[in-house]
Amino acid sequence: ITSLTIAAVGSGIVGGNYDTASGNPKLRLSTAGIEMWNASSAKTVALNSADGSFTLSNDPSGANRISIADTGIELWKSSTRQFYLQAGGATNAVTMLLTGPGAGDYIGMNPSDGLWLGASTFAGASSKFRVSPTGVLEAASATISGAITATSGSLSSLSVAGTITMG
């Protein structure tokens, strides 16, 4: 068939795969969803009819892609997840935002743990900075200028270059 025109179709069920071309580039419509391939045979678009997930890619391996599903949104570059926004299931709340190309390069936050830097999880060994939802701050080191007000606490080791006033 070199061309096909269907007109005045009221309703019905169509099964199978329907491709716009035998080679690439092409568009495929099927009961599984919608898919598109570019001239280099890379699947560039996939819309899954079963779960509604959606993926955009620009290479045959899928190493560079954006995926959207009910679990969240992911951005991948060279097969490394660069960004992840995790969905909160039935509540539709964001449960985690995670960015970074690899170990030690992460920035993350979620409502139950808080905000952290350096690890893929709040309690991760390479997380050197974190703030819990209750305001507890943990940092591997700090340089602070200006006033510090504390109502309680302790110091295990202290070196003072200037004057200490106790009162």
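A search of the whole structure finds zero aromatic pairs, a pair being two rings of Phe, Tyr or Trp (its six-membered ring) with centres within 6.5 Å. The model is predicted, so local features need pLDDT of at least 70 and side-chain atom pairs pLDDT 80 or more, while totals for chains, interfaces and linings use all residues. Residues are numbered from 1 along each chain as its sequence is written, and side-chain values use heavy atoms, without hydrogens and water.

Two rings do carry a charge over the face (NZ of Lys or CZ of Arg within 6 Å of the ring centre and within 35 degrees of the ring normal). Lys-26 sits over Trp-37 at 5.0 Å from the ring centre, and Arg-81 over Tyr-84 at 4.2 Å.

Arg-81 also forms a salt bridge with Glu-74 (3.0 Å, N to O); the term requires a side-chain nitrogen of Lys or Arg within 4 Å of a carboxyl oxygen of Asp or Glu. The count comes to six salt bridges. Lys-26 belongs to a network of them that links Asp-19, Lys-26, Arg-28, Glu-35 and Lys-43. Arg-28 is buried at 18% relative accessible area, and Asp-19 is partly exposed at 35% (buried is under 20%, exposed over 50%, partly exposed in between, with a 1.4 Å probe and protein chains only). Elsewhere, Arg-130, buried at 15%, bridges to Glu-138 at 3.3 Å, and Glu-138 is partly exposed at 39%.

Asn-110 is buried as well, at 11% relative accessibility. Its side chain reaches the backbone nitrogen of Ser-112 at 3.2 Å and that of Asp-113 at 2.6 Å.

Conventions
Phe/Tyr/Trp six-rings, centres within 6.5 Å; stacked < 30°, edge-to-face > 60°. Polar contact = N/O pair within 3.5 Å; in protein donor to acceptor, adjacent residues only side chain to side chain.
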